[in-house]
Amino acid sequence: MFTVVVTKKNTRRILTVIVLILLVIIGFTVYGSVKRRLYAVKGGVTVEGQDFSGLFRQEAYEKLEEMAGTFYKSPSDAFYLSETGEIISENYGIQVNVMETLDAVMSASKGEEIKLSVSTVAPSVTSDMMKPIYSVNTDRKAVAIGINVAWGEDYLPGILEELEKRHINCTFFITGTWGKQFPDMVNRIYQGGHELANHGYGHPHVENMNESGLVDLIKTNEKLIKEITGFTTNLFTPPYGEVNERISSIAGKQGYRTTMWTIDTIDWKLPEPDVIVQRVMGKLVPGAIILAHPTEPTLKALPTLLNQLKSQGYE
């Protein structure tokens, strides 16, 4: 059996150890309190009614992330309602900018109320994307020339040379069947700085096609043009100019704007070149879209047409 002898010396040591332990505990408590006072959210700071007092940055971030989930509202795309033939408009979503809100919380004054920083979330498909474009709304003297290409490779080189001489770029709506046959020509158009667009893989009557058939017509051609040039098209003009809200809505769901025209040269009927010039100049307005094809009369009319556009101040 052991006997513990308590001496004054032992008592002092024990008391010293106890005091040191207490000092360490007090020190950590004071340090934590000072640290929160210096680095944490100031007292009385709230966000949308929730108290953030005394929270460190990471703690405040986690709380805001949790709040962001409850405030988030997802966007909804516009869509075509086949039962009524209406285009139902899109709705924008809402998301919380957590880091921006966090910075405001951390720098807030005592008792300050902070509002969540929010931004809108755009839908993938808007109602505008589902409506055909016939012209561009502008007061500027500018026009666009859209050239539909399903044939005409004999006249395209001359048209391209005329455009290149004048540093003018056009939009070429390519059919897949033609592009597959003349990939070098498609590349030449693209490398010349012109915009490539989608005219469908073939040239069927789209009014008679169901949705899956129309989607396949667009996407198959998109894939082909991308394989040839690396470029992904986003403009679509339907074969034969057949368009309604159903067709343009289906194209819109695929990320395409359906592009029509303001002025039709009707050059595919092979009129005299001066007739083409008169048709264009007689209907010319700012923002007009001029439809053409690679025909011999178009090639012959192009120099005069471009000169007259320039003389009237059009770009």
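Is K310 buried or exposed? I find K310 exposed, with a relative accessible area of 66%. Exposed means over 50%, buried under 20%, and partly exposed in between (1.4 Å probe, protein chains only).

I note that this is a predicted model: local features need pLDDT of at least 70, side-chain atom pairs count only at pLDDT 80 or more, and totals for chains, interfaces and linings use all residues. Residues are numbered from 1 along each chain as its sequence is written, and side-chain values use heavy atoms, with hydrogens and water left out.

K310 lies in helix 10. Helices are DSSP runs of H or I with at least four residues, strands are runs of E with at least two, and both are numbered from the N terminus. I checked K310 against K141: 169 residues apart in sequence, 9.9 Å apart in space, C-alpha to C-alpha.

K310 also lines the largest pocket, among others with R166, N169 and Y314. Helix 10 (296-311) and strand 8 (144-149) each supply at least two lining residues. Helix 10 gives the largest share, four residues.

Next, E242. I place E242 in the loop between strand 11 (235-236) and helix 8 (245-253). E242 is buried yet has no salt bridge (a Lys or Arg side-chain nitrogen within 4 Å of an Asp or Glu carboxyl oxygen). The nearest side chain of opposite charge, R246, is 8.1 Å away; Lys and Arg count as positive, Asp and Glu as negative, and His and the chain ends are not counted. What does the side chain of E242 reach? The backbone nitrogen of V206, at 2.9 Å.

Methods
Polar contact = N/O pair within 3.5 Å; in protein donor to acceptor, adjacent residues only side chain to side chain. 1 Å grid on protein atoms, 1.4 Å probe; cavity = no way out; pocket = protein on both sides within 12 Å on 5 of 7 lines; lining within 4 Å.
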